[in-house]
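Take a moment to look over the sequence and the fold. The text below walks through them step by step.

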Amino acid sequence: MAADRLYLDHAATTPMLPQARAAMVAALDLWANPSSPHADGRAARAALEDARARIAAALGWKGHVIFTSGASEAIAIALTRARARRIVTSPVEHDAVLRVTPGADRLPVDADGIVLNAVRAEPAHANAILAIQHVNNETGVIQPLEGIDCASGILFADCAQSAGKLPLPDADMIAVSAHKFGGPPGVGALLIRDLTLIAPSGGQEQGYRAGTENLPAILAMAAALDAQSDWLLRAASLRARLDAGIEAAGGAIVARDAPRIPTIASYRMPGLSARAQLIQFDMQGISVSAGSACSSGSLKTSHVLGAMGWDEAAAGEVVRVSFGPQTSEGDVDRFLAVWTAMAHRARP
C-alpha cells in the first residue's frame, strides 16, 4: 500500500502487529504436525497448547478454545452443531450468522439496532441457542448482552469486532477472529464453556474441528493478543472528533446516541451514494467501506440499516469508518477535509 494512503477500514481487517508477524515467521520452523506422536510432533503440540492457554488468559476465558479458520467457521460450528432445538437471533447479525440460520426466529430491534428488552426474556427461548453479535460490524453498536435472559438456553456471542478490545461478555459460546485485532487472516477460535453444548465431528481439536491446526497463524494470534495495548481511550477521542466534524458538515451519525465501540462508526452523506463516496475517497487515497467487507463488494443495501428502520435511499448513502491503533488526529482531520468538500458538492 502506498505510504501516502490513509487506511480507515480496520473493521474489515487490520494490519498484523509486528509481534504477530515475528511470531509467525519464527513458528515456520515448527513445521511438524501437532498430532504426530514423535518428538517433532510433540514439540509442535507443546507450542500449540501454550498458545491455547495464552489466548484464553489474554481474553479472560475460563472454558475451552477450539481453533478454527476464523470467526465465520466458529459461527458455523456453533450454530449448526449446537445441542438446541431452535435458533433465535436478530436481523442485524453479520452475514456469516444469517447464512447458516435461514429458518431462525429473528428478534426485533429498535432504531439503534438493540434487541428489544421485552422480547429477551421470552420463555420460548428455552432449549434454544440465542445468537447475538456483541459489537455490530457496521454501526459499532454494543449490544447489552448482560441484560439477555438465556438461563434455559445457550447464549452465543459473535465477538469478532470486540475481542481484544472490550471484555468478553458472559456467554456460553463466543466466536473470535485474529485478523480483527492484529493477528493474521485465516485463523480464529470458538470459545466454548462446555464441550457438550455442541456435537463432535471427529478429527482434530478434541474431535470438534477436523484439519491440521495452522500452528504459525495460531502462534501469531497469541502474540497479537499478548501485545494488545489500551488504545480505546484515544480512539474514543478520535471518534468524538470525527462525529463532531461530520455533524458540522451536515452529515448524520448512525446510532448516534447508542453505546458504540470507539473504533467503528457509520455516517450518512445526504445526496451522494455510498458507491460514489467510496470511489472519490479512494481517488483521494483514503480507504473506507460501505458496511461489511463481506457484502460491500456487491454494494447492496445494508440489511442492518434496513432492520433499524432506514429507508433504502438513506441507507445507500452511508459509509463506515474504522480505526486502528496507529490512527491519529491528523488522519481524522484529513478524512474530514475530504468528506466536507464532498458533502458541499453533493448539496442540491
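This is a predicted model: local features need pLDDT of at least 70, side-chain atom pairs count only at pLDDT 80 or more; totals for chains, interfaces and linings use all residues.

Strands β7 and β8 (residues 188–192) pair in the antiparallel sense, over five bridges. Strands here are DSSP runs of E with at least two residues, helices are runs of H or I with at least four residues, and both are numbered from the N terminus. Two strands count as paired if DSSP finds at least two bridges between them.

Residues are numbered from 1 along each chain as its sequence is written, and side-chain values use heavy atoms, with hydrogens and water left out.

Now turn to another neighbour of β7. Strand β6 (residues 154–158) runs parallel to β7, and three bridges join them. Phe156 stands opposite Met173 in β7. Asp158 has Ala175 of β7 as its bridge partner.

How many of the five residues of strand β7 are buried? Five of the five are, so β7 (residues 173–177) is largely enclosed by the rest of the structure. Buried means under 20% relative accessible area, exposed means over 50%, and partly exposed lies in between, using a 1.4 Å probe and protein chains only. The side chains of β7 split by direction. Met173, Ala175 and Ser177 point one way. Ile174 and Val176 point the other way.

Step back to the sheet. Seven strands form an open sheet with mixed pairing, in the order β2-β8-β7-β6-β5-β3-β4. The edges are β2 (64–68) and β4 (105–106), each with a single partner strand, so one side of each is left without a neighbour in the sheet.

There is also an open sheet of three strands, in the order β9-β10-β12, with antiparallel pairing. Its edge strands are β9 (252–253) and β12 (318–322), and each pairs on one side only. Strand β10 (residues 264–268) is joined to β12 by five bridges and runs antiparallel to β12. In that pairing, Arg268 has Val318 as its bridge partner in β12.

Next, a helix. Leu233 sits in helix α7 (residues 232–248). Is Leu233 buried or exposed? Its relative accessibility is 71%, so Leu233 counts as exposed. Thr263 is 30 residues from Leu233 along the chain, and their C-alpha atoms are separated by 10.0 Å.

Finally, the whole chain. The protein chain has eleven helices and twelve strands. Its radius of gyration is 21 Å, close to the 20 Å of the globule rule for 348 residues, so the chain is as compact as a globular protein of that length. That radius is taken over C-alpha atoms, and the rule is 2.2 Å times the number of residues to the power 0.38. Along its principal axes, the C-alpha trace spans about 70 × 50 × 35 Å. Buried residues make up 54% of the 348 residues. Among contacts with a separation of 6 or more, 71% join residues 24 or more positions apart. A contact means heavy atoms within 4.5 Å.
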